[in-house]
Amino acid sequence: MAEFWTHLADINFELKKYLKAYYFYENAIILGKLRSNEDELPIDIVKYKEYPEKMKIICKEKLNKI
């Protein structure tokens, strides 16, 4: 599910909808942290924490310029 939110955020980022993207990246982080260690398809921490955190900062910077 975290991957889904990250993809939605990436789409909104490309469309310059930075506020929506910011919240979608936040959702990716939250849902990624909730995944259990017994999950059949483990997600790399980069996909739900490092990348979304970096993109949230970029979104915030873009929003401050507007």
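Me: Where is Lys16 found in this model?
Reply: Bear in mind that this is a predicted model. Lys16 is exposed, with a relative accessible area of 58%. As for its place in the chain, Lys16 sits in the loop between α1 and α2.

Me: What is phi of Lys16 near?
Reply: Most residues other than glycine have a negative phi. Lys16 isn't a glycine, yet its phi is positive. The value is near 65°.

Me: How many helices and strands are there in the protein, and in what order do the elements run?
Reply: The count is three helices and zero strands. Starting at the N terminus, the order reads α-α-α.

Me: What span should α2 have, and how far apart are its end C-alpha atoms?
Reply: Helix α2 has 16 residues, and at 1.5 Å a residue they should span 22 Å. That agrees with the model, where the end C-alpha atoms of α2 are apart by 23 Å.

Me: Which residues are buried in α2?
Reply: An α-helix has 3.6 residues a turn, so residues three or four places apart point the same way. To count as buried, a residue needs a relative accessible area under 20%. In α2 the buried ones are Tyr18, Ala21, Tyr22, Phe24, Tyr25, Ala28, Ile29 and Gly32.

Me: Which residues make up the largest nonpolar core?
Reply: In soluble globular proteins, nonpolar side chains tend to be buried together. Here the largest such core holds 11 residues in all. They are Trp5, Ala9, Phe13, Tyr18, Ala21, Tyr22, Phe24, Tyr25, Ala28, Met55 and Cys59.

Me: Which helix supplies the largest share of this core?
Reply: Each of α1, α2 and α3 puts in at least two residues of this core. The largest share is six residues, and the helix they come from is α2.

Me: Which residues does Met55 touch, not counting those up to four places away in sequence?
Reply: Met55 is one of the residues of the largest nonpolar core. Phe13 and Tyr25 are also listed there. With residues up to four places away set aside, Met55 touches Phe13 and Tyr25.

Me: How many aromatic pairs does the structure hold, and what kind do Phe4 and Trp5 form?
Reply: The structure holds five aromatic pairs. Phe4 and Trp5 form one of them, at 5.7 Å centre to centre with 75° between the planes. Planes over 60 degrees apart count as edge-to-face, so that is the label for Phe4 and Trp5: edge-to-face.

Me: What about Trp5 and Phe24: how far apart in sequence are the parts this pair ties together?
Reply: Trp5 and Phe24 form a tilted pair, 5.2 Å centre to centre and 45° between the planes. Trp5 lies in helix α1 (residues 2–14) and Phe24 in helix α2, so the pair ties together parts that are apart in sequence by 19 residues.

Me: Is Phe4 buried, exposed or partly exposed, and what about Phe24?
Reply: Phe4, Trp5 and Phe24 form one aromatic cluster. Phe24 has 17% relative accessibility and counts as buried. Phe4, with a relative accessible area of 44%, is partly exposed.

Me: Which residues is Asn12 in contact with, leaving aside neighbours within four places in sequence?
Reply: Asn12 lies in helix α1. Asn12 is buried, with a relative accessible area of 8%. Leaving aside those neighbours, its contacts are Lys17, Lys20, Ala21 and Phe24.

Me: Which side chains meet in a salt bridge, and how many residues apart are they?
Reply: Side chains of opposite charge can pair when their charged atoms come close. The count here comes to one salt bridge, with Glu26 and Lys56 meeting at 3.5 Å, N to O. Glu26 is in helix α2 (residues 18–33) and Lys56 in helix α3 (residues 45–65), so this pair links distant parts of the chain, apart by 30 residues.

Me: What distance separates the C-alpha atoms of Gly32 and Lys49?
Reply: Gly32 is found in helix α2 and is buried, with a relative accessible area of 3%. Leaving aside neighbours within four places, Gly32 is in contact with Ala2 and Tyr48. Lys49 is 17 residues from Gly32 along the chain, and their C-alpha atoms are separated by 7.4 Å.

Key:
Residues are numbered from 1 along each chain as its sequence is written. This is a predicted model: local features need pLDDT of at least 70, side-chain atom pairs count only at pLDDT 80 or more; totals for chains, interfaces and linings use all residues. Side-chain values use heavy atoms; hydrogens and water are left out. A salt bridge is a side-chain nitrogen of Lys or Arg within 4 Å of a carboxyl oxygen of Asp or Glu. Helices (H or I, at least four residues) and strands (E, at least two) are DSSP runs, numbered from the N terminus. Buried means under 20% relative accessible area, exposed over 50%, partly exposed in between (1.4 Å probe, protein chains only). Contact means heavy atoms within 4.5 Å. Rings of Phe, Tyr and Trp (its six-membered ring) pair if their centres lie within 6.5 Å; planes under 30 degrees apart count as stacked, over 60 as edge-to-face and the rest as tilted. A nonpolar core is a set of buried Ala, Val, Leu, Ile, Met, Phe, Trp, Tyr and Cys residues joined through side-chain atoms within 4.5 Å. The expected span of a helix is 1.5 Å times one less than its number of residues.
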